[in-house]
Amino acid sequence: MKEFAKILRYAKPYTKNIVFAFLCLALTSVITLILPLIVRNVINAVVVQNNAQALNSLTFDLVVLIAFQMVFGVTTNYILGFVGNRITADFRMDFFGHIQRLSLSFFHGRRVGEILSRMGNDITVIQKALISIPVAVLRQTITLLGGLAIILYLNWKLTGLILLILPPLMLFARVFGKRLKDLSEQVQDRLAKAAVVLEEMVSSIKVVKSYTREPHEQKRFESGIEDAFDAEVKKVKISAAFGPFILFLTFLVSTALVWYGGRQVMTGTTTPGELAAFFLYAIIIAGPIGTFVRLYTQVQEALGAIRRVNEIMNLEPQVTTPDNAVALEQVEGRIEFDHVTFGYAPERPVVHDIHFDIAPGERVALVGPSGAGKSTLIQLLHRFFDVDAGMVRIDGHDLRELDLTAFLKQMALVPQETLLFGGTVRDNILYGKLDATEDELKRAAQSANAEDFIRNLENGYGTIVGEKGVKLSGGERQRIAIARAMLKDPRILVLDEATSSLDNQSESLIQDALEKLMKGRTTFIIAHRLSTVHTADKIVVLEKGRVVEIGTHPELMAKEGLYHHLYSLRLFDDAPLTLEEEA
Ligand SMILES: Nc1ncnc2c1ncn2[C@@H]1O[C@H](COP(=O)(O)OP(=O)(O)OP(=O)(O)O)[C@@H](O)[C@H]1O
C-alpha cells in the first residue's frame, strides 16, 4: 500500500478535478438508485391506480433524471480520463528522468527490453487501475449500500434472500484472487523477457541476418511469448469462471425471489410495482457484488505492476554530487590519476594503482592490449563510476567533490562508433551546443571537414539521418561527431579512436579534423593509430589494469618493453609492415 501511495502522489496536483469528478460520479449513482423507485410508482400508477396523469408526470421525471445522469456521466468520464492520462504521462516522464539519473552500473546490470517493458506494459496496467479502481469502488459502494438500504426498507424478507449470495462470493474472490495476481505477475515477467529478445534482435539485426540466425531468434521470442501465453491461459481459465459463476448465483437468487415475491403479491402483502422495483434493485446490487470480486483481483494485479515499476523508481544513483560541490566555471585541464584502483565489482579490480598525470593542453595516448582497462579509465574520468581507492583529480580537485554537470559541460567524448540520433544532420551537430547559431554550426562542420559532404546531401543540414544514422558512412558519422565536439568547445577532449580502417582520403579528412579539434585542449586518447602516438606528448602503456610504461614514442621504442612488443605485433592500424620501415 505504501507503494501505491507513492503513485498516488502524482494525483495531488489534480485533487480539485478529481473531487469534482467524484461528486458527479456519486450523483450518477444516486440517480441510478432513484430510478427503480420511480419505475415502481409508474407500474403502480398503471396497474393498480390506472392514473394517466401520474403516468405522464412520472415519465417526465424519468426523462429529466436520465438526462442529468448522462451529463454527470460525461463529465466524470472526461475529467477522470484526462487526469488519468495526465498522471500517467507525468509518471512516464519522471520514470525516464529517473532512469537517466541512475549510474551506469544500473544499465550494465539490466537489459533494455526489460526497462522498456516496465515503461510500457506495467505503467499501462497502473494507468488502468488508477482510474478504474477508485471509480468502481465509489460507484459500487454507493450503489450497494444505497440499494441495500432501499430494499431493506421496501421488503426486508426478500433482502435476506439476496444477502445469501454474499458469503460464497467472498470465498470465491479470496481463493482465486491470489492465484490471479500470481499469474498476472508471471505474464508481465514473461512478456518483459520477450521484449528483451525483440529489442536485441532489432538492435543487432545485421548480426542476426549475417549469421542467418532468424529462426533462432524467432524461437527465442516464441518461447517467451508461449510462456506468457501459458500463464495467460491459466488466468483465462480462472477469470472465465467468474462471470458465469456470478450470473449463476444471481439467477438462482432471482428465481427464489420470483417465487417468493410472486407469492407475496398473490397474498396482497406486496404491490406489483414494489416487486418490479425490488427486482431492479436486485439487479443493480448484483452488479457491485460481482465488480468487487473482480476489483480484488485487479487491485492485486496493479500492485504487482506498481511493485515492479517502483523497484526501479526506488533505486538511488550511486554516483552523486555533494551539496557543497565545487562548480568549476573554467576548467584548466589538469588531470591526475592518483593511485587509482577500481573494479566493476569491488572485489574484482580491473585497474590497479593507476598513477600518472596530464598537464593542461597536453596530449596523452593510452595504449595496451584488449581488456587492459583503457575504456575503464575513460569511464572513471567521466565519473560514470567512483574509484574504489585513490583519486581522480581535475585541476587539483577530487572529481567526487566537483559539480559533475558543470565539469562534464567542459569535456567532450568522441567515441569509436558514432550512433546518430534520429533527426537531421543539424540536430545531431547541435547536440554539442543546443543554442549554437547557424554561423557556429557551419564553422564547426567546416573544421570537422564535414561541410562538403553535408552540402551534397539531399537536404543539406536538414537531411534526416536514419535511425542510428545508417544512411551515412562510418567516416561521415565520425566527422559529424567531431563537429559536435567542436561546437561544444570542451577544455578536455576524450577520444576513443576508431579501430576500423577507412579509405585513405576519408582517413586523412578525419585526421585533419581531429588535429584541429585537439588543438589547445587537454586530450586523452585511446590510441589505435601510429600517427596519434607519434604526436602524443606522453604515451601511457597499460597491461592487465596496470601502468607498465610511460614515455614518448621514441623513448618507449628504445626501451624495448611492452610497447615495443605491441608495436611489432602491429598494434596500430596504420603501422608500417616492418619496424625497419618505420625506423
Ligand atoms: N561493465 C563491466 N562490468 C564488468 N566488467 C567489465 C565491464 N566493462 C569492462 N569490464 C572488464 O574490465 C576489464 C577492462 O576492460 P576495458 O573495457 O577497460 O578494456 P580496454 O582496454 O578498453 O579493452 P578494449 O581495447 O578491448 O576496448 C576487462 O577485463 C573487462 O572484461
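Helices (H or I, at least four residues) and strands (E, at least two) are DSSP runs, numbered from the N terminus. The model shown is predicted: local features need pLDDT of at least 70, side-chain atom pairs count only at pLDDT 80 or more, and totals for chains, interfaces and linings use all residues. Residues are numbered from 1 along each chain as its sequence is written, and side-chain values use heavy atoms, with hydrogens and water left out.

**View 1. Glu332 and its contacts.** Glu332 is placed in the loop between helix H10 (272-313) and strand E1 (335-342). Apart from neighbours within four places in sequence, Glu332 is in contact (heavy atoms within 4.5 Å) with Pro360, Asp395, Arg491 and Thr522. From Leu23, Glu332 is separated by 309 residues in sequence and by 63 Å in space, C-alpha to C-alpha.

**View 2. The shell around the ligand.**

View 3. The pairs described here are N or O atoms within 3.5 Å. One oxygen atom of the ligand lies 2.6 Å from an N or O atom in the side chain of Ser370. Polar backbone atoms also take part: that of Ala372 is 3.1 Å from a ligand oxygen, and that of Gly373 is 2.9 Å from a ligand oxygen. Of the 630 Å² of accessible area (Shrake-Rupley method, 1.4 Å probe) that the ligand has on its own, the protein covers 60%.

**View 4. Domain 1 facing domain 2.** An automatic or database domain assignment divides the protein chain into domain 1 (2-193 + 236-313), domain 2 (320-410 + 492-583) and domain 3 (415-489). The C-alpha centres of domain 1 and domain 2 are 63 Å apart. Four residues of domain 1 are in contact with four residues of domain 2. Between these two domains, about 270 Å² is buried, 76% of it from carbon and sulfur atoms; buried area is the accessible area (1.4 Å probe) that two parts lose on being put together, summed over both. On the domain 1 side, Leu104, Ser105 and His108 lose the most area to domain 2, together 93% of what that side buries.

Note on methods:
A polar contact is a pair of N or O atoms within 3.5 Å; within protein, one must be able to donate a hydrogen and the other to accept it, and residues adjacent in sequence count only if both atoms are side-chain atoms.
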